[in-house]
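Here's a quick briefing to read with the model open beside you. Start by finding the strands, then work your way out to the whole chain.

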Amino acid sequence: MAELLQRFATHQQLLDASPLLNLFTTEPDRARKFSLYAADLSLDFSKHLCNAETLKLFDELAASTQLRAHIEDLFNGAIVNRTEQRPALHTSLRSDAASAPKHDEVAAAQQQMQTLVNALHAQQLQGFSGLPFTDVVNIGIGGSDLGPRFVTTALRHFWNTSVRVHFVANVDPDELTDTLANLNPATTLIITASKSFNTLETLTNTQAARHWLQTAAGEHNVDAHFIAITSNSAKAVAFGIPQSQVFPMWDWVGGRYSLWSAIGLPIAIAVGWDNFHALLQGAAAMDTHYREASFTENMPALLAALEWWYSNYWHAHSALVLPYSHRLRLFPAFLQQLSMESLGKSVDVNGNSVTTHTGLVVWGEPGTNGQHSFMQLLHQGTRFIPVDFIAVAHGESSGDVRQAHLFANCLSQSRALMTGKSLAQVQLELAAAGVDAAEAQALAPHKVHPGNRPSSTILLESLTPARLGALLALYEHKVHALSVFWNINAFDQWGVELGKQSASVIFNAIKTQPDAELDGSTLQLIGDYKSANQ
């Protein structure tokens with residue numbers, strides 16, 4: 001492995017000395033050679049700092065880290081989350097194969113979901129007043145919120161209008177208050193998504209929602225207004241949720257990989273069961289590709305190798321995701337959790353300190369908004385930031401010229417990042433514009449763009465449930481491959497648990513006498529908070 005890493009270092013120096021644009025000059029068919037197609041998605045990675053030799057090195061990287069064996073372990077239910085002694089079987093949630101691990105449990109949960117969704121859409125489920133439910137509020141946080149919220153937003157074009165779906169995550173009272181303000185308690189169904197049924201934010205919001213319902217219902221029972229998605233069914237039943245309205249969560253599915261499970265119930269309610277099943281099928285198609293394609297033609301593995309390459313050898317600290325689609329505007333937020341919670345590790349799978357940086361800071365906004373804010377830093381700043389552009393060729397408003405403008409902007413940004421603008425080009429432009437020579441000499445350096453900034457372009461012909469499922473699975477598997485390359489555990493999140501523990505201690509200190517063992521800053525801020533609330 002040491003010899004391979006040295007070859008990567010030598011190769012980086014060679015590529016760094018050759019502008020990216022030159023690769024297109026020396027390889028006229030580069031765009032064709034450096035494009036992949038899988039699960040109805042296309043990936044153009046020709047604007048990356050790589051050539052045929054790089055791909056050979058990537059293939060050796062996959063072989064030396066035994067990526068193929070790790071992929072099989074993932075799909076076959078091996079213990080891949082060693083710190084918690086669990087498999088990670090999110091791929092089983094979207095597999096139709098009877099041989100897939102946990103098949104019977106998954107099929108039973110999907111049947112339960114389908115029955116509920118169909119009953120809701122047929123207006124067969126009623127609240128305390130006898131009226132059918134018209135609104136569903138999903139209360140969760142992290143993976144129990146981000147995935148369903150993003151997918152439901154992305155598939156707006158497929159919404160079933162008979163039932164509206166809303167999301168609440170923040171323990172800040174304003175989010176729940178604002179959400180419930182325009183809803184009718186008599187026709188509102190609450191979904192509580194919490195594996196332990198003890199998550200502070202989720203349970204606090206659920207109790208507030210129950211108070212809102214009970215106030216409106218008076219002496220009527222409001223249990224029928226609640227659904228739980230949890231692994232702690234006993235606690236959900238004790239809360240007052242009928243056992244028949246408790247859906248399973250399993251410890252072999254991590255929160256950030258759980259939208260394919262009963263956590264995806266609000267998605268299915270929003271778009272209907274057939275569209276939810278299409279979402280699963282699209283992800284399953286990408287699963288098959290990841291499992292079977294050779295590594296130089298494997299879309300998730302290739303994206304992972306590029307990110308590993310930039311992090312280890314090009315000093316990249318962050319990665320930008322730019323969806324040129326309003327429907328995909330929450331995708332960067334979803335990817336932040338998927339990537340940073342999975343890859344933010346400082347020890348390897350054996351507990352030894354890692355020797356390289358792991359995980360990049362993932363961020364982004366929808367295009368074209370980002371062009372008028374942070375893209376300036378990418379074009380003329382000093383940071384090395386690889387970009388994923390995500391575009392939809394055929395929008396919902398067929399023939400609208402704005403869709404062509406959107407796509408043109410997407411392509412122009414990726415091209416401008418690659419080509420830049422040299423000092424000589426700027427000087428010629430200023431001269432052609434008739435700018436005074438002295439003024440042109442002073443102005444020219446400010447208009448230079450270095451270029452040579454790498455990017456991928458992922459193109460969806462149109463935004464359908466199946467293509468969205470494939471896109472999500474693409475990034476899930478990219479994260480998995482990166483964890484293999486870095487030899488870290490992608491499926492635990494002890495940093496999240498630390499924050500929860502600390503919040504509990506401080507909450508108790510706010511409500512009672514502050515703990516003298518807390519630091520001076522925290523004690524002072526607790527005092528300020530209590531003074532403001534007297």
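In this predicted model, five strands line up in an open sheet, in the order E4-E3-E5-E6-E7, and they pair in parallel. Strand E4 (164–168) and strand E7 (246–248) sit at the edges with a single partner strand each, so one side of each has no neighbour in the sheet. On average, neighbouring strands here are turned by 20° against each other, if you ignore direction.

**Around the sheet**
- Strand E6 (residues 226–230) pairs with E7 in the parallel sense, over three bridges.
- Take Ala-228 as an example: its bridge partner in E7 is Val-246.
- Helix H6 (residues 103–121) packs on the sheet and touches strand E3 (135–139), strand E5 (188–193), E6 and E7.
- The direction of H6 makes about 140° with that of E7.

**A helix to check: H21**
- Helix H21 covers residues 520–532, and its 13 residues should span 18 Å at 1.5 Å a residue.
- The end C-alpha atoms of H21 are 18 Å apart, which agrees with that.
- Asp-519 caps the N-terminal end of H21, with a side-chain oxygen 3.1 Å from the backbone nitrogen of Ser-521.

**The whole chain**
- Along its principal axes, the C-alpha trace spans about 85 × 60 × 55 Å.
- Of the 534 residues, 50% count as buried.
- Look at contacts between residues at least 6 apart in sequence: 76% of them join residues at least 24 apart.

Technical notes
Residues are numbered from 1 along each chain as its sequence is written. This is a predicted model: local features need pLDDT of at least 70, side-chain atom pairs count only at pLDDT 80 or more; totals for chains, interfaces and linings use all residues. Side-chain values use heavy atoms; hydrogens and water are left out. Two strands pair if DSSP finds at least two bridges between them. Helices (H or I, at least four residues) and strands (E, at least two) are DSSP runs, numbered from the N terminus. Axes are lines fitted to C-alpha atoms, for helices over the stretch in contact, and angles run from 0 to 180 degrees between N-to-C directions. Contact means heavy atoms within 4.5 Å. The expected span of a helix is 1.5 Å times one less than its number of residues. A polar contact is a pair of N or O atoms within 3.5 Å; within protein, one must be able to donate a hydrogen and the other to accept it, and residues adjacent in sequence count only if both atoms are side-chain atoms. Buried means under 20% relative accessible area, exposed over 50%, partly exposed in between (1.4 Å probe, protein chains only).
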